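Welcome, and please open your viewer. We will go from one selection to the next and look at what is there.

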Amino acid sequence: MINDKKVLYSAMQATGVLHIGNYFGALKNWVNLSDEFECFYAVADLHALTIRRDPAELRRSARNVLMMYIAAGLDPEKNCIYYQSSVPAHAELAWIMNCFTYIGELNRMTQFKDKSAKHADNINAGLLTYPVLMACDILLYQADVVPVGIDQKQHLELTRDIAERFNGIYGDVFTIPEAYIGKAGARIMSLADPTKKMSKSDENQNSVVYVLDDKDTVIRKFKRAITDSDSQIIYSEDKPGIMNLIDIYCAATGKAPADVEKEFDGKGYGEFKLAVGETVADALVPVRERYAQLEKDKAYVDGIIKENTEKASYFANKTLRKVQKKVGLPERIK
Ligand code: TRP
């Protein structure tokens, strides 16, 4: 608990510009949580190093994600927004917790298996220990809840296992975090292949809509979205393309799928796609405008980063010192 509130923790990797899957699936839903929770949102730049990155691009990506948090509406006075790498406690705790995590547990992680297959020429130790660092992100802030997508659930389970193991030996050092089940974020699929998640690494750039895409681009991409040869706008697993477009439309408007079916009853795919494109483009306008302002106001953003890094460090160091003491490392002489 901080300020009588439960602690909420989440992060996104610093991988390039964000798309509407990141926005409607996560970011937009984070905005209203700060009344109920004390929220920490990191830009996971250390995690991003598990895949070979161009240094300038990584630096740009990290700043881009951080500014996108603010542009999406997270108030940096109420939400602690910071770079993971700027709080050294993450890396320090990660070493210690590596010693409390079994290789067998890490080998079983499906994301490790997937990423190893995808990057067979660079199966580095960081790729394996990735979930330990993620566990430390969460545990350092004694987080009660963690909003995560389905692909990160297994990592959260492991976080709980590691924390319980440690607490079992040393007493109650860590809060055991739970998955946050709030209003489910939309799971947004590729516009070119609605059986795959929308991904910025997709070769077909028409399949992914970026938050910073301009209106014409957004509309063009939706016009090209893959549907089926039928013409009815029905929310059904048999029609994954239309289902995805309905999900996106619902995410942008707050409507329910049944309302959308009614709204477009008897109308064609062309008209529906145009409506989705225009609605999404309009929903992104305020985010894009705020982002453009932040890009111009370097001093303001730097100030936020500085303040929030200090705040994050304070809480993280408190937990780290406790852990260091528990395991028997010497006290630091100031
Ligand atoms: N691994 C997460 C992802 O790829 C990002 C992440 C890093 C994270 N640290 C975290 C998410 C802590 C939640 C909590 O999406």
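Which residue forms a salt bridge with R63? Select D302: its closest N and O atoms with R63 are 2.7 Å apart. A salt bridge here is a side-chain nitrogen of Lys or Arg within 4 Å of a carboxyl oxygen of Asp or Glu.

Before moving on, note that this is a predicted model, where local features need pLDDT of at least 70, side-chain atom pairs count only at pLDDT 80 or more, and totals for chains, interfaces and linings use all residues. Residues are numbered from 1 along each chain as its sequence is written, and side-chain values use heavy atoms, leaving out hydrogens and water.

Stay with D302, which is partly exposed at a relative accessible area of 28%; R63 is partly exposed too, at 21%.

Next, select E38 and K311, whose side chains meet in a salt bridge (3.2 Å, N to O). E38 lies in strand β2 (residues 37-44) and K311 in helix α13, so the pair ties together parts 273 residues apart in sequence. Helices (H or I, at least four residues) and strands (E, at least two) are DSSP runs, numbered from the N terminus. E38 is buried at 6% relative accessibility, whereas K311 is partly exposed at 24%.

Then pick E57 and R53, another salt bridge (3.0 Å, N to O). In total, the structure holds 14 salt bridges.

Key: Buried means under 20% relative accessible area, exposed over 50%, partly exposed in between (1.4 Å probe, protein chains only).
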